[in-house]
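Try each task before you read its solution.

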Amino acid sequence: MPATQHRLLHEWVEEMARMCEPERIVWIDGSEEEKESLIREAVANGEVVELNQRKLPGCLYHRTAANDVARTEDLTFICTTLQEDAGPTNNWMSPEEGYRRAGEIFQGSMRGRTMYVIPFSMGPVGSPFSKVGVELTDSIYVVLNMRIMTHVGAPVLKQLGSGGEFTKCLHGKAERDMKRRLILHFPEDNTIWSVGSGYGGNVLLGKKCLALRIASYLGKREGWLAEHMLIMGVESPEGRVEYVAAAFPSACGKTNLAMLVPPEGLKIKGYRIWTVGDDISWMRIDTDGRLWAINPETGFFGVAPGTNSKTNPNMIKTIKRNTIYTNVVLTKDNTVWWEGGDGTPPAEGTDWLGRPWKPGLKDDKGQPVAGAHPNSRFTAPLTQCPSASFRVEHHHGVPISAIVFGGRRAHLAPLVYEAFDWEHGVFVGATMASERTAAQFGTLGEVRRDPMAMLPFCGYHMGDYFQHWLDMGRRMTNPPKIFHVNWFRTDENGDYLWPGFGENLRIIEWILDRCRGDADATKTPIGYVPAPESVDLTGLSISGEAMDSLFAVNRSDWYAETDGIAAFFQQFGNRLPKVLWDQLELLRLRLKAPISLMTPGTEIRPLAAELNEIIQRENPNVYSMLSRLAKRLYFPKGILAQSAEAKE
């Protein structure tokens, strides 16, 4: 029995055990001896393979079932009393139906198996930012991963005490049958049930399930933010470290940015990058009126294909030891390989399905057969990363200077632009989008909106989520500036205009300079873009024409974009904050306004006449909206009065 007097915890474990009927119950204490015992058992039963300990010390290999290789969004539900509270972007199920349907699958599912009880802390144990969970599972693979991704064991139970609140997390592999698989979130009960899956994203319940879906609900209730964001620190030669939180949809380089290596051209400046986290940020307002953040995880759960010494040299160094590899190629000498990785492919090996594999292998239709699954993974301790921040375990977190949103747009969005203010920044985040690539299922170029990169992870109505962002901004006396980046703009031949990877530090440098008021910018209808020569291009071979294209704002293209934004907003009904509709109309007005309207310091009367023309053309009731527009554009005093005269 564990050293805890938490009566409700004991009662819950016993209740779940009566339903699942495990052969035995083991409480995880977090010790190294326990880890070695678990590995020996998992190797013996075939759940993991021990890799070549000379080449990959402490590393293990695992395969999931062929039908269990990614998050199953269609089987993921938010279970709230009222369907409306889950919102239009979530699958909904009533709590009663959720407990009943999953309970039928859980019933007796652990017969002959061990139920492991994992007390875990998301965030440093005892930090005011942190949350405690307890996951019950019949998978040693899950236990070993949770040991990497979270704080586990005795220290967590000690922190929990005899009556502390915890998230109740139940996982069972069951038959790993797609027809008997459910990932259920009960935010009103602070509970997560996952059954029928063995894939990390569905079963490491501290990750997306708690750290985003449940935590976003708790953050709304308690006044903080749980976000799908990296956290990186940039240290200048003077020793000043400034922190950026950034949200990108999948395949947009979040992990690579979190631990980038400064490019050759900027090395003379002596920058150093500190990685706080690559995936999740929990942010609270401190007494100084600023936003402070922690990464609640202690490890990386990264995608292997495409990770190499060019795209992410620090990650390659991180995963050389004490790492769990999932669904990659297993070589003859018990090492691993994947497409887009380092080195030449092995002459032969075993693919992610356990079949013999060799380079050049083709299927019955003549198509190449990949050795690693496209979503194959590695789980590695954050402390092994060469750029790991010394503030990772700091109970107080780090102060956030800038929030960055991003997407993959071939032609629309400039390389970087700054929002006018917090409200406009929330609008930028709420409308961020990416275009499908040839490697993704769906129509090439189709725009997928993913607000704040949280579309699959917001645990409640997204209209309320946007309002929560707006409310947080009003509570801050010194909010971070908000920016949008797009590393993926292309020329007429489809070639990328910006080299990306480590060169992205040049844009982060401009962003932080803007936060301090040290960089120039040009005002456009969508926000501020870098002024000519305000981005340091030392050592980078890129033409002036390319830079012009990277920062170009095409008014007609952006106006067409507003129709898609309006259609997206419609689904949220009356729970979408009016401020966001106002921001959309303001954007349309700026895009239609003559160029002179965007130029501070021009004569008042011509401006007033142009404003009058807009009023008559658009809507006689938009005067209050124009007032807000005038403030955002910093028009000279008196223009509102002259606009009113023109209207009369």
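## Exercise 1: A serine in a loop

At 6% relative accessibility, Ser-389 counts as buried, since buried means under 20% relative accessible area, exposed over 50%, and partly exposed in between (1.4 Å probe, protein chains only). This is a predicted model, where local features need pLDDT of at least 70, side-chain atom pairs count only at pLDDT 80 or more, and totals for chains, interfaces and linings use all residues. Residues are numbered from 1 along each chain as its sequence is written, and side-chain values use heavy atoms, with hydrogens and water left out.

Task: Find where Ser-389 is placed and what Ser-389 touches.

Solution. Start with the place: Ser-389 sits in the loop between strand S23 (377-381) and strand S24 (398-406). Helices (H or I, at least four residues) and strands (E, at least two) are DSSP runs, numbered from the N terminus. Next, list the contacts (heavy atoms within 4.5 Å). Not counting residues up to four places away in sequence, Ser-389 touches Tyr-243, Trp-274, Thr-275 and Val-276. Last, look at the side chain: a polar atom of Ser-389 lies 2.9 Å from the backbone nitrogen of Arg-391.

## Exercise 2: Met-93 and helix H4

Task: Is Met-93 buried or exposed? Which residues of H4 are buried?

Solution. Step one: Met-93 has 2% relative accessibility, so Met-93 counts as buried. The loop that holds Met-93 runs between helix H3 (83-86) and helix H4 (95-106). Leaving aside neighbours within four places in sequence, the contacts of Met-93 include Phe-77, Gly-98, Arg-101 and Leu-182.

Step two: turn to H4. This helix has 12 residues. From first C-alpha to last, H4 reaches 16 Å, close to the 16 Å expected at 1.5 Å a residue. That expected span is 1.5 Å times one less than the number of residues.

Step three: pick out the buried residues of H4, which are Pro-95, Gly-98, Ala-102, Gly-103, Ile-105 and Phe-106. They cover an arc of only 155 degrees around the axis, so they lie on the same side of H4. The arc is that of the directions from the helix axis to the C-beta atoms. The face turned away from this buried side carries the exposed Glu-96 and Glu-104.

Step four: find the cover. The buried residues of H4 are covered by elements including helix H1 (7-20), strand S8 (167-172), strand S9 (182-186) and strand S10 (191-195). Just after H4, Gly-108 takes a positive phi of about 70 degrees.

## Exercise 3: Salt bridges

Task: How many salt bridges does the structure hold? Where do Arg-147 and Glu-34 lie?

Solution. The count is 41 salt bridges, each a side-chain nitrogen of Lys or Arg within 4 Å of a carboxyl oxygen of Asp or Glu. Arg-147 and Glu-34 form one of them, with the closest N and O atoms 3.2 Å apart. This pair links distant parts of the chain: Arg-147 is in helix H5 (residues 140-149), Glu-34 in helix H2 (residues 32-44), 113 residues apart. Both are buried.

Now take Glu-242 and Arg-240, whose salt bridge has its closest N and O atoms 3.4 Å apart. Glu-242 is buried, with a relative accessible area of 10%. Arg-240, at 36% relative accessibility, counts as partly exposed.

## Exercise 4: Confidence

Task: What pLDDT does the protein average?

Solution. The average pLDDT (the predictor's confidence in each residue, from 0 to 100) is 92, and 90% of the residues score at least 70. Over residues 597-607, pLDDT stays under 50.

How values were computed:
Polar contact = N/O pair within 3.5 Å; in protein donor to acceptor, adjacent residues only side chain to side chain.
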